[in-house]
Amino acid sequence: MVVHVGLLPLSSSCLPSLPRLPRLSSTKHRTFAMAVVSEDPVREWILSEGNATQITRISPVGGGCINRASHYDTDAGSFFVKTNRSIGPSMFEGEALGLGAMFETGTIRVPKPFKFGPLPTGGSYIIMEFIEFGSRRSNQSVLGRKLAEMHKAGKSEKGFGFEVNNTVGSTPQINTWSSDWIQFYGEHRLGYQLQLALDQYGDSTIYEKGQRLVKSIGPLFDNVVIEPCLLHGDLWSGNISSDKNGEPVILDPACYYGHSEAEFGMSWCAGFGGSFYSSYFEVMPKQPGFEKRKDLYMLYHYLNHYNLFGSGYRSSAMSIIDDYLRMLKA
Ligand SMILES: Nc1ncnc2c1ncn2[C@@H]1O[C@H](COP(=O)(O)OP(=O)(O)OP(=O)(O)O)[C@@H](O)[C@H]1O
């Protein structure tokens, strides 16, 4: 069954509510059931809905840390496939819906997602468009403009959040819809990471100071109109590339609808230069107090790095918290 999510045809397993079998006709039911029990659902999809009659080569693709990646060459073109042997399909569901939402904006290039689902031996897979990357780094000014166009085009009627929870690195990212950005960012971004630091390291110092900051961030948003924009959510240099025509491509998202400025939370390892920002702000004008909020948005990712990779990132997170507590007299 092909279900249209906006402009993008996604297979049924790309939808959040999988257990729909009773409502399907018997033919469709059989097709879906076959896909679930198939020994090799990736191969099966490529040779059916992927319109290939032959897979000519499967080669490994390096570069990722969390998943195994492969390039499938077929007589109907190339596909990019990621598999994970232990994590269920919800991680790739988040990736597929995120890629789909960005793709639908028709702005910056992202791989078109085709299908995700469970592997019969446990774990999960995602199949998407294979993009041939170029050797040149993407043009910073084009990247800035296209990213801003995506932020402008990707609107939400449900407020801040996303259709599903997803992951940033391998950390869960909670995307429960909210109409209040300050509450959303305080609770689901900073608050979640602070709780994680308390739970896994017993770090009550960072937890308590961080929570004090969460309660005091309101004035940093004075005179700002915050609209929910579609964000990539994990935009660092490892997730930015360019295709063979030199057009920027962004990958491996942790999408949600949030304040546009939160997209720069990974700017400490994204390599954005002056021309990137000037092009970006031509499309999405800089809001009052932007500079004051920059570190607040980086704090989420520093805390995530602390939780993922350990104490090397603690001091960066702590000094951002201390600076804000001083500035806000909190
Ligand atoms: N659609 C695509 N087409 C071709 N190559 C891709 C595509 N998406 C990603 N790649 C390549 O595959 C590599 C691994 O992909 P990715 O970074 O998404 O893996 P991951 O393991 O899920 O992520 P992480 O980097 O968070 O560990 C990337 O470095 C990139 O070079």
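These are my notebook entries on one predicted model, from the overall fold down to single residues.

**Ground rules**

I am working with a predicted model, so I take local features at pLDDT of at least 70 and side-chain atom pairs at pLDDT 80 or more, while totals for chains, interfaces and linings use all residues. I number residues from 1 along each chain as its sequence is written, and my side-chain values use heavy atoms, with hydrogens and water left out.

**Overall**

I looked up the secondary structure first. The chain has nine helices and 13 strands. Both are DSSP runs numbered from the N terminus: helices are H or I with at least four residues, strands are E with at least two.

Next I checked burial. Of the chain's 330 residues, 52% are buried. I use buried for under 20% relative accessible area, exposed for over 50%, and partly exposed for values in between (1.4 Å probe, protein chains only).

The accessible surface of the chain is about 15,100 Å². Carbon and sulfur atoms hold 52% of that surface. The areas come from the Shrake-Rupley method with a 1.4 Å probe, and for residues only the protein chains shown count as cover.

I then asked how far apart in sequence the contacts reach. Among contacts with a separation of 6 or more, 66% join residues 24 or more positions apart. A contact means heavy atoms within 4.5 Å.

**Cores**

In soluble globular proteins, nonpolar side chains tend to be buried together. I looked for such sets here. A nonpolar core is a set of buried Ala, Val, Leu, Ile, Met, Phe, Trp, Tyr and Cys residues joined through side-chain atoms within 4.5 Å.

The largest core has 70 residues. The members that touch the most others are Phe162, Trp181, Leu213, Ile250, Phe272 and Leu296. Helix α8 (residues 290-309) gives the most to this core, with nine residues. A second, separate core has twelve residues, including Ala52, Phe79, Val81 and Tyr125.

I followed Leu296 further. Apart from neighbours within four places in sequence, Leu296 contacts Tyr185, Leu190, Leu213, Ile217, Leu220, Phe221 and Tyr324.

I listed the buried residues of α7 (residues 274-283): Phe276, Tyr277, Ser279, Tyr280, Phe281 and Val283. Their cover includes α4 (140-153) and α8.

In helix α9 (residues 314-327) I picked Ala317. Its relative accessibility is 0%, so Ala317 counts as buried. Beyond neighbours within four places in sequence, Ala317 contacts Ile206, Leu299, Tyr302 and Leu303. I also took a distance to Gly94: 223 residues apart in sequence, Ala317 and Gly94 are 27 Å apart, C-alpha to C-alpha.

**Ligand**

I then looked at polar contacts, which are pairs of N or O atoms within 3.5 Å. Within protein, one atom must be able to donate a hydrogen and the other to accept it, and residues adjacent in sequence count only if both atoms are side-chain atoms. A polar side-chain atom of Asn67 is 2.7 Å from a ligand oxygen atom. A polar backbone atom of Glu129 is 2.9 Å from a ligand nitrogen atom. A polar backbone atom of Ile131 is likewise 2.9 Å from a ligand nitrogen atom. Alone, the ligand exposes 620 Å², and the protein buries 86% of that.

**Cysteines**

A disulfide is a covalent bond between the sulfur atoms of two cysteines. My cut-off is a pair of cysteine sulfur atoms within 2.5 Å. The whole structure has zero disulfides. For Cys255, the nearest cysteine sulfur is that of Cys229, 12 Å away. Cys255 is buried, at 1% relative accessibility. Cys269 is partly exposed, at 25%.

**Loops and positive phi**

Most residues other than glycine have a negative phi. I noted two asparagines with positive values.

Asn51 has phi near 65°. Asn51 sits in the loop between α2 (41-46) and β3 (55-61). Its relative accessible area is 63%, so Asn51 is exposed.

Asn223 has a positive phi of about 65°. Asn223 lies in the loop between α6 and β10. At 71% relative accessibility, Asn223 is exposed.

Gly218 is in the loop between α6 (204-216) and β10 (229-231). Gly218 is partly exposed, at 30%. Gly218 and Leu328 are 110 residues apart in sequence, yet 9.8 Å apart in space, C-alpha to C-alpha.
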